[in-house]
Amino acid sequence: GVIRAGGVLAPLSTLLNPESLARLIEDSSSRFVFATTPHEPLVLPIADQLQDCRRIAVGFEAEGWTGYEDFIANASEDTPWVKTVDQDECVVIYSSGTTGVPKGIVQTQHSRSNMAQGMGLEFRIHSGSTVVISTPLFSNATWATLLPSMAAGGLTVVLPAFDPEVFLKAVEEEKASHIFLVPTQ
C-alpha cells in the first residue's frame, strides 16, 4: 500500500534495540511509523524521539499514537494511482554489512520493478501462485518472492514469525507453490 501510494517503505528490524530503531527512523526521514502489538515495547520508550512522525498503533493503544482503525477510517476506498518514475525511491533496506553500523540501501521503483519481473520469471511465479513468506520483511532476500507474487496477483501469505509447525501447516493449508527459507529454517 505504501509503495502503491507513492511512498517509500523502510521496514526495520525488530531485533534492534529501541535506540537503534530511533536512529534508523530518523535516518530514513520517516513521516509515519507503524508498530504492531508485539513490538510495542520497542517503540514506546522512543516515542518522544518520534515527534516528527505520525505514529500508528496496530493492535494496541498508547498516548500519542493513532489506532490503525482510526487511521484508515476516513481513507478513500479508491485505489491510489500515483505516477512514479523509474528513479523514484521505493524501499530502503537497512543492512549492517561489514561495519556493524546499519546503512540504508535505497531501492528505486525501477530496481524493484525489475526484481519483481525477473524473479517472477525465474521462479515462475504467476497469478495462480501461492507464496508463503516466513522471513522478515526487513530482509532484502524476502522481497525476491514477495514482490513477484504481489506484482503477478498471486496469493501472498505473510507469517508473523517463523515457527516450524505453523509454517508447515500454512504450506499445507494454503497449498504453497513457492517459499523462501534461510538455512536455519
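Here is a chat about a predicted model, covering some of its strands, rings and helices.

Biologist: Hi! I'm new to this one. What kind of model is it?

Modeller: Welcome! This is a predicted model.

Biologist: Okay, let's begin with strands. What is the order of the open sheet of three strands?

Modeller: The order is β1-β2-β3, and the pairing is parallel. β1 (32-36) and β3 (66-67) stand at the edges with a single partner strand each, so one side of each has no neighbour in the sheet.

Biologist: How many bridges join β2 to β3?

Modeller: Two bridges do that, and β2, residues 54-58, runs parallel to β3.

Biologist: And which residue stands opposite Gly-67?

Modeller: That is Ala-57, with Gly-67 sitting in β3.

Biologist: Changing topic: rings. How many aromatic pairs are there?

Modeller: The count comes to five aromatic pairs. Take Phe-60 and Trp-65: their ring centres are 5.7 Å apart and their planes are at 55°, so this pair is tilted.

Biologist: Why "tilted" for Phe-60 and Trp-65?

Modeller: Because planes under 30 degrees apart count as stacked and those over 60 as edge-to-face, with the rest called tilted. The angle of 55° puts Phe-60 and Trp-65 in the tilted group.

Biologist: Is Phe-60 buried or exposed?

Modeller: Phe-60 counts as buried, at 8% relative accessibility.

Biologist: Nice. What about Phe-162 and Phe-167?

Modeller: That pair is tilted as well, because the planes are at 50°, and the ring centres are 5.5 Å apart. Phe-167 is buried with a relative accessible area of 6%, whereas Phe-162 counts as partly exposed at 28%.

Biologist: Which residues do ring pairs link into a cluster?

Modeller: Phe-32, Phe-34 and Phe-71 are linked that way. There is also a charge to look at: Arg-4 lies over the face of Trp-81, 4.7 Å from the ring centre.

Biologist: On to helices, then. Which residues of α1 are buried?

Modeller: Helix α1 covers residues 18-27, and its buried residues are Pro-18, Ser-20, Leu-21, Ala-22, Leu-24 and Ile-25.

Biologist: Why would residues three or four places apart point the same way?

Modeller: An α-helix has 3.6 residues a turn, so residues at that spacing point the same way.

Biologist: What covers the buried residues of α1?

Modeller: The cover includes β1, α2 (40-43) and β4 (89-95).

Biologist: And what is found at the start of α1?

Modeller: There, a side-chain oxygen of Asn-17 reaches to within 3.2 Å of the backbone nitrogen of Glu-19. After the helix comes Ser-29, which has a positive phi, near 55°.

Biologist: Let's hop to β6. Which way do the residues of β6 point?

Modeller: In β6 (residues 130-133), Thr-130 and Val-132 point one way while Val-131 and Ile-133 point the other way, and all are buried.

Biologist: Which strands does β6 pair with?

Modeller: One is β7 (residues 155-158), joined to β6 by four bridges and running parallel. Another is β8 (residues 178-180), paired with β6 in the parallel sense over three bridges. Val-131 stands opposite Thr-156 in β7 and opposite His-178 in β8. Ile-133 has Val-158 of β7 as a bridge partner.

Biologist: How does the chain cross from β6 to β7?

Modeller: It passes through helix α5 (residues 143-152), and this β-α-β crossover is right-handed.

Biologist: Back to Ile-133. What does Ile-133 touch?

Modeller: Setting aside residues up to four places away in sequence, Ile-133 touches Thr-142, Thr-145, Leu-146, Thr-156, Val-157, Val-158 and Leu-159. Ile-133 is buried, with a relative accessible area of 1%.

Biologist: Last one! Where is Arg-112 found?

Modeller: Arg-112 is in helix α4, residues 109-123. Arg-112 is buried, with a relative accessible area of 4%.

Biologist: What is Arg-112 in contact with?

Modeller: Apart from neighbours within four places in sequence, Arg-112 is in contact with Cys-90, Val-91, Ile-93, Gln-107, Asn-140, Trp-143 and Leu-147. Arg-112 and Pro-148 are 36 residues apart in sequence and, C-alpha to C-alpha, 9.6 Å apart in space.

Notes:
Residues numbered from 1 in each chain as written. Predicted model: local features only at pLDDT ≥ 70, side-chain atom pairs only at ≥ 80, totals over all residues. Heavy atoms only, no water. Pairing = 2+ DSSP bridges. Phe/Tyr/Trp six-rings, centres within 6.5 Å; stacked < 30°, edge-to-face > 60°. Buried < 20%, exposed > 50% of the residue type's maximum accessible area, 1.4 Å probe, protein only. Lys NZ or Arg CZ within 6 Å of the ring centre and 35° of its normal. Contact = heavy atoms within 4.5 Å. Polar contact = N/O pair within 3.5 Å; in protein donor to acceptor, adjacent residues only side chain to side chain. Right-handed = clockwise from strand over helix to strand, strands pointing away.
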